[in-house]
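Here is a short report on one protein chain. Please read it with the model in view.

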Amino acid sequence: MFASIPDGSQVAYLGANSSISQTTTEFLKAGYTYTLSAMVGTRDNAPLDGLDATFTGAKIELLADGNVLASATSGTPTQGGWIPIQIAYSAGLGDPLLGKLLTLRLSGLALGNQANFDQISLTAVPLPAAA
């Protein structure tokens, strides 16, 4: 199905108009930038069983308390290949969602699409101090 997999031998895959999510143990804190990154892939043996399995994209989202902080839709990898996708969110002092748990959501976008995800990571980096 793939020429190679970015990290290990397993991937998460989603069918049409579906999503998976995970609530982390990380709380939104002021003065941090949160970066969600992943690799998005498409199978090398599409279309399957006469379905139009044309890859139409995948989406990643970072949420706090059910509110979308940042999101992005992927481009289209070559058949059997992978491309990176990344979003970032910086929380300021007045952010109304401070102290809320962060959730990651991965989605497949359209009928016939199988979105594959690998190498998913969330990092939190302190913002530089103001001069």
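**Basis**

This is a predicted model, in which local features need pLDDT of at least 70 and side-chain atom pairs count only at pLDDT 80 or more, while totals for chains, interfaces and linings use all residues. Residues are numbered from 1 along each chain as its sequence is written, and side-chain values use heavy atoms, with hydrogens and water left out.

**Overall make-up**

The chain has 8 strands and 0 helices. Its pattern along the sequence is β-β-β-β-β-β-β-β. Both element types are DSSP runs, numbered from the N terminus: helices are H or I with at least four residues, strands are E with at least two. The chain has 131 residues, and 38% of them count as buried. Buried means under 20% relative accessible area, exposed means over 50%, and partly exposed lies in between (1.4 Å probe, protein chains only). The accessible surface is about 7100 Å², and carbon and sulfur atoms hold 52% of that. These areas come from the Shrake-Rupley method with a 1.4 Å probe; for residues, only the protein chains shown count as cover. Among contacts with a separation of 6 or more, 81% join residues 24 or more positions apart. A contact means heavy atoms within 4.5 Å.

**Two sheets**

Strands of a sheet pair through backbone hydrogen bonds, either parallel or antiparallel. Here two strands count as paired if DSSP finds at least two bridges between them. The table sets out the two sheets.

| S1-S8-S3-S6 | open, 4 strands | antiparallel | 30° |

S1 pairs with strand S8 (residues 115–126) over 3 bridges, in the antiparallel sense. Ala12 has Phe117 in S8 as its bridge partner.

Strand S4 (residues 58–64) and strand S7 (residues 101–108) form an antiparallel pair over 7 bridges. Lys59 has Ser107 in S7 as its bridge partner.

**Gln22**

Gln22 lies in strand S2 (residues 19–27). Is Gln22 buried or exposed? Gln22 is exposed, at 54% relative accessible area. Leaving aside residues up to four places away in sequence, Gln22 touches Leu102, Thr103 and Leu104. Gln22 and Arg105 are 83 residues apart in sequence, yet 6.7 Å apart in space, C-alpha to C-alpha.

**The aromatic pair**

The structure holds 1 aromatic pair. The ring centres of Tyr32 and Tyr34 are 6.4 Å apart and the planes stand at 35°, so the pair is tilted. Rings of Phe, Tyr and Trp (its six-membered ring) pair if their centres lie within 6.5 Å; planes under 30 degrees apart are stacked, over 60 edge-to-face, and the rest tilted. Tyr34 is buried, at 0% relative accessibility. Tyr32 is partly exposed, at 24% relative accessible area. Lys29 lies over the face of Tyr32, 5.1 Å from the ring centre. Such a charge counts if NZ of Lys or CZ of Arg is within 6 Å of the ring centre and within 35 degrees of the ring normal.

Note on methods: Axes are lines fitted to C-alpha atoms, for helices over the stretch in contact, and angles run from 0 to 180 degrees between N-to-C directions.
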